[in-house]
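Thanks for coming. I will go through one structure today, starting with charged side chains and then moving to the sheet and helices. Please have a look at it first.

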Amino acid sequence: MALNSSMVPLGTAAPDFSLPDLDGEVRSLEGFEAPALLIAFVCNHCPYVRHIEQAFGAFTAGQADLDTVAVCSNDTASHPEDGPAGLAEQVVRAQWAFPYLIDESQEVARAYNAVCTPDFFLYGPDRKLAYRGAFDGSTPGNGVPVTGEYLASAIERVRKGEPVPEPHYPSMGCGIKWR
């Protein structure tokens, strides 16, 4: 069953985190210094993530002044394909060039109020929430092209120091697999 993102209030401060990446390096919020920060809650198994993963990789690779970080918070006991080996396969398949963090305790997903995969949170230089919601209007099977238009528009506004006007469209995807 697909869920929609929770639409956290704009202006909410980014919660701090310390999580290992796939190489075991611990990453934290202050380690990302670009003016815009995109935190994407994703996983390997979800068809909604798989639907956009290659376009998302290409999209983020072309973004100056943007740090991107992916976080997987799924319970790997129920979804072993979302463990480190599966995530490493996804990085190669989707050509992701950003850190992929493992939220084994699920505390970071809870702190961000992430509920689905994918779930996108874009922060400005003050690390206040500027955009939350969908990559674009495409979902598996709806026939809408994968363009990243919603997120691209939001990033451009953040670069210019402008607010991202509502409406923000909630992301839709698989629910995070809670323990």
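Is Arg179 buried or exposed? This is a predicted model, and in it Arg179 is exposed, at a relative accessible area of 52%. The cut-off for that label is over 50%. Arg179 makes a salt bridge with Asp75, with 3.8 Å between the closest N and O atoms. The two partners come from distant parts of the chain, 104 residues apart: Arg179 sits in the segment after β10, and Asp75 in the loop between β5 and α2. Asp75, for its part, is buried, with a relative accessible area of 11%.

In total there are 7 salt bridges in the structure. Another one of them joins the side chains of Arg93 and Glu53, at 2.6 Å from N to O. Arg93 belongs to helix α2 and Glu53 to helix α1, so this pair ties together parts that lie 40 residues apart in sequence. Glu53 is buried, with a relative accessible area of 4%, while Arg93 is partly exposed at 28%.

A local case is Arg159 with Glu156, whose side chains meet at 3.5 Å, N to O. Both are in helix α4, 3 residues apart, which is about one helical turn. Arg159 has a relative accessible area of 33% and counts as partly exposed; Glu156 is partly exposed too, at 35%. There is also a network in which Asp21, Glu25 and Arg27 are joined by salt bridges that share partners.

Staying with α4, which of its residues are buried? They are Leu151, Ala154, Ile155 and Val158. Their arc around the axis is only 100°, so they fall on the same side of α4. These buried residues pack against β4, β5, β8 and β9, and also against α1. Just after the helix, Gly161 adopts a positive phi of about 75°.

Now the sheet. It is open, has 5 strands with mixed pairing, and runs in the order β6-β5-β4-β8-β9. β6 and β9 are the edge strands; each has a single partner, so one side of each has no neighbour in the sheet. On average, neighbouring strands are turned by 20° against each other, ignoring direction. Inside the sheet, β4, residues 36-41, pairs with β8, residues 119-123, in the antiparallel sense over 5 bridges. Leu37, for example, has Tyr123 in β8 as its bridge partner.

Last, helix α2, which spans residues 84-94, lies across β5 and β6 and runs at about 170° to β6.

Definitions and conventions
Residues are numbered from 1 along each chain as its sequence is written. This is a predicted model: local features need pLDDT of at least 70, side-chain atom pairs count only at pLDDT 80 or more; totals for chains, interfaces and linings use all residues. Side-chain values use heavy atoms; hydrogens and water are left out. Two strands pair if DSSP finds at least two bridges between them. Helices (H or I, at least four residues) and strands (E, at least two) are DSSP runs, numbered from the N terminus. Axes are lines fitted to C-alpha atoms, for helices over the stretch in contact, and angles run from 0 to 180 degrees between N-to-C directions. Contact means heavy atoms within 4.5 Å. Buried means under 20% relative accessible area, exposed over 50%, partly exposed in between (1.4 Å probe, protein chains only). The arc is that of the directions from the helix axis to the C-beta atoms. A salt bridge is a side-chain nitrogen of Lys or Arg within 4 Å of a carboxyl oxygen of Asp or Glu.
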